[in-house]
Amino acid sequence: MAPDSPAPALALRGLRKRFGATIAVDGLDLDIPSGSFYGIVGPNGAGKTTTLSMATGLLTPDAGTVLVHGIDLWKEPDRAKPTLGVLPDGLRTFDRLTGAELISYAGLLRGLAPAMVEERRDDLLAALDLDAVGRTLVADYSAGMTKKIALACALVHAPRVLVLDEPFEAVDPVSAKAIRRILQDFAATGGTVVMSSHVMALVERVCDHVAIVGHGRVLAYGTLEEVSGGLDLEERFVGLIGDTSERRDLTWLRQS
């Protein structure tokens, strides 16, 4: 990075995490430019969720550093964390609150004034097509609605960096289009979106940068064009990761 260039939105240095005998993340390094829409892709067990959890302060690394716009997340969490909006994998929510109450709770926790929370809550409910269920308990939401209300909670304080683990999972196509528009507008105005996904076509459609992660390390990174190298992203992904499935002749499955 040139001396006069801006600090990356997220700079991950030497991140490591072990669970028992399993090394989930193995010395991972990655710079995510400010203003980018960055896709993190990899097979199941590649270390994506563990990496994003460490990058947002949800999981303590065994080693390594996370810088959020140049601020050390683990040394100065009170400065770094307010700039982050996070949608974790398998998020547990206070589901005995209504959707409106949950967004309000998230905003008040972030220190926003009650009047501002109310205005932003109503804007988010409308933008994510949750108006009709805003007074319904989150416990009664579908999986897709729960994902959207969790995204609203990540957005309410207008963070500088959004870190989203599978944000489109279980979301219907109409809602997915609305979410894409919100995130693309956010990135276009200087915000940074970091998104993990298993859907290569989605990453190609919305992301301008991508990193392919495997075995707890970054195998390729850069702009979408640099990483894909003239191939579609799925071909490039399989070329780096390899086809790990065991080929069996499932003759018993044939109908004739």
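Reply: The secondary structure of the protein comes to 9 helices and 10 strands. Helices (H or I, at least four residues) and strands (E, at least two) are DSSP runs, numbered from the N terminus. This is a predicted model, in which local features need pLDDT of at least 70 and side-chain atom pairs count only at pLDDT 80 or more, while totals for chains, interfaces and linings use all residues. Residues are numbered from 1 along each chain as its sequence is written, and side-chain values use heavy atoms, with hydrogens and water left out.

Me: Why is Val163 called buried?

Reply: Buried means under 20% relative accessible area, exposed over 50%, and partly exposed in between (1.4 Å probe, protein chains only). Val163 has 2% relative accessibility, so it counts as buried. Buried residues make up 46% of the 256 residues in the protein.

Me: Which residues is Val163 in contact with, leaving aside its neighbours within four places in sequence?

Reply: Contact means heavy atoms within 4.5 Å. Val163, found in strand β7 (residues 161-165), is in contact with Leu10, Leu52, Thr56, Leu84, Gly85, Val86, Leu87 and Val194. Across the protein, residues 24 or more positions apart account for 64% of the contacts with a separation of 6 or more.

Me: How do you know that Asp31 forms a salt bridge with Arg13?

Reply: A salt bridge is a side-chain nitrogen of Lys or Arg within 4 Å of a carboxyl oxygen of Asp or Glu. The closest N and O atoms of Asp31 and Arg13 are 2.7 Å apart, so the pair meets the definition. The pair links distant parts of the chain, with Asp31 in strand β2 (residues 22-32) and Arg13 in strand β1 (residues 10-19), 18 residues apart. Asp31 is partly exposed at 32%, and Arg13 is partly exposed at 37%. The structure holds 8 salt bridges.

Me: What makes Lys17 and Asp62 a salt bridge, and is each buried or partly exposed?

Reply: Their side chains meet at 3.5 Å, N to O. The pair links distant parts of the chain: Lys17 is in strand β1 and Asp62 in the loop between α1 (48-55) and β4 (63-68), 45 residues apart. Lys17, at 12% relative accessibility, counts as buried, whereas Asp62, at 48%, counts as partly exposed.

Me: Why is Leu109 called exposed?

Reply: Leu109 has 61% relative accessibility, so it counts as exposed. This residue lies in helix α3 (residues 99-109).

Me: What makes Phe94, Tyr105 and Leu109 a nonpolar patch?

Reply: Patches are made of residues with over 30% relative accessible area and no salt bridge; like charges are joined within 9 Å, and nonpolar side chains (Val, Leu, Ile, Met, Phe, Trp, Tyr) within 5 Å. Phe94, Tyr105 and Leu109 form such a patch on the surface, with about 340 Å² of accessible area together. Accessible areas come from the Shrake-Rupley method with a 1.4 Å probe; for residues, only the protein chains shown count as cover.
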